[in-house]
Amino acid sequence: METKIRKVFITGGCGFVGSYLARELLKQGFELLLFDAFINFIDPFESNYQFFLKARMDGLRDKVRIERGDIRVQKRMQQLMNEWLPDATIHLAALPSAKESTLYPTEALQINVDGTLSVLEGVKACGSVKRFIFTSSSFVYGNFKRDIADEEHPTEPIDVYGGTKLTGEILTRAYAKQHGFEYVIVRPSAVYGFGDCNRRVTQIMIENAMRGKPLVLHGGGRSRIDFTYVTDLAGGFARALTAPAAANETFNVTRGNARSVREFALEVKKHFPSAELIEKPSDTSRPERGTLSIEKARKLLGYDPKVDIEQGVAEYVAQLKARGPK
Ligand SMILES: NC(=O)c1ccc[n+]([C@@H]2O[C@H](COP(=O)([O-])OP(=O)(O)OC[C@H]3O[C@@H](n4cnc5c(N)ncnc54)[C@H](O)[C@@H]3O)[C@@H](O)[C@H]2O)c1
């Protein structure tokens, strides 16, 4: 039997992933409260944050409840949870990237660890939450020791971001066990699509190509990454919310097929044939990654990602051309 869930409290719900997840859950008939501090860690002269925020929330704002608040400030969040009494909480709010977590380690710790603790305290105190979903990352694995990493792969993060996400996982399991609610841990990887403004490699490449700037390949673009299209991830979260077999489990939720950064760049070049590819030295601060096994998610969640980079890049480019900043 599916866990009965109707009202879902989503931290970071107005972010890139949150906005796609909100659309998916609305389609499925859930009632949503998006709790968000509206924070972005990219240079404000570069990020176009307000533009992308508005584009993401287009058509959503009148269908959900949106509350401004910071997960680190317990009182406000607690009041909302006690009053609204959610059946489930999906915790997406974070300092969401490795590069910026290394730049701002104290904030990464405050938001990703103290903030997660604060959300868990809120869930514990309000007493209505049956299932808590924590958004982790493939960065918890550190350097992949095997070509394909399943959920049993050792978790040995090599940076602040991976460390904070692993700590969040540990706190999630401890609170769920001690206070009697179900948890699900979701580990995404390299999510891409229209609306992202965290200047990840995917966004940078496509926007550079659109502006006639070169596409930079560190280390020849040989790194292999499990690029995941955002609608596939949103579908995975939706399954994690209700699938009975998801309870108290950890899942890789990715495309399940790593592609090289060079392949991604060549895909972008198909849409911008004059784009120039240039090489720079390897970026040794990032873990060596690869494919994440999604067999467990397929089996227990019925997760079935559909979008390869060929289709994902085409959709991303089309949307940026139609709806992106001019
Ligand atoms: N996008 C990816 O490639 C990727 C990969 C793995 C994991 N993740 C995780 O997925 C989640 C969502 O990432 P995203 O790409 O949508 O990032 P995003 O920056 O677009 O969304 C994060 C949202 O959290 C909000 N937020 C940040 N700090 C907050 C705070 N203190 N209180 C309340 N709200 C706060 C932001 O305002 C933003 O709306 C994050 O937890 C991230 O670590 C993302």
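Predicted model: local features only at pLDDT ≥ 70, side-chain atom pairs only at ≥ 80, totals over all residues.
1. The shell around the ligand draws at least two residues from each of the helices α1 (16-27) and α6 (105-126). Helices (H or I, at least four residues) and strands (E, at least two) are DSSP runs, numbered from the N terminus. With three residues, α1 gives the most to this shell. Among the 28 residues around the ligand, G12, G15, A37, A94 and P96 come nearest; a residue is near a molecule or strand if its C-beta atom, placed from the backbone, lies within 6 Å of it. The shell divides by class into 15 nonpolar, nine polar and four charged residues. Here Ala, Val, Leu, Ile, Met, Phe, Trp, Tyr, Cys and Pro count as nonpolar, Asp, Glu, Lys and Arg as charged, and the others, Gly among them, as polar.

2. Residues are numbered from 1 along each chain as its sequence is written.

3. The protein contains twelve helices and 15 strands. Its radius of gyration, taken over C-alpha atoms, is 19 Å, close to the 20 Å that the globule rule gives for 326 residues, so the protein is as compact as a globular protein of that length. The globule rule is 2.2 Å times the number of residues to the power 0.38. Of the 326 residues, 47% count as buried; a residue is buried if 20 or more other C-beta atoms lie within 10 Å of its own, exposed if 12 or fewer, and partly exposed in between, with C-beta atoms placed from the backbone.

4. Seven strands form an open sheet in the order β3-β2-β1-β4-β5-β7-β12, with parallel pairing. Two strands pair if DSSP finds at least two bridges between them. At the edges stand β3 (65-68) and β12 (249-252), each with a single partner strand, so one side of each has no neighbour in the sheet. Neighbouring strands of this sheet are turned by 15° against each other on average, direction ignored.

5. Strand β1 (residues 7-11) is joined by four bridges to β4 (residues 88-91), and the two run parallel. The partner of I10 in β4 is I90. Helix α6 packs on the sheet, touching β1, β4 and β5 (131-135), and its direction makes about 175° with that of β4. Axes are lines fitted to C-alpha atoms, for helices over the stretch in contact, and angles run from 0 to 180 degrees between N-to-C directions. Contact between two residues requires that their C-beta atoms, placed from the backbone, lie within 7 Å. Five bridges join β1 to β2 (residues 31-36), also in parallel, and V8 stands opposite L32 in β2. Four of the five residues of β1 are buried, so this strand is largely enclosed by the rest of the structure.

6. What does T116 touch, not counting residues up to four places away in sequence? Its contacts are H91, G168 and L171. T116 lies in helix α6 and counts as buried because it has 27 C-beta neighbours inside 10 Å.

7. In helix α8 (residues 201-210), the buried residues are V201, T202, Q203, M205, I206 and A209. They pack against β8 (191-192), β9 (215-218), α10 (261-271) and α12 (309-323). Just after α8, G212 takes a positive phi of about 75°.
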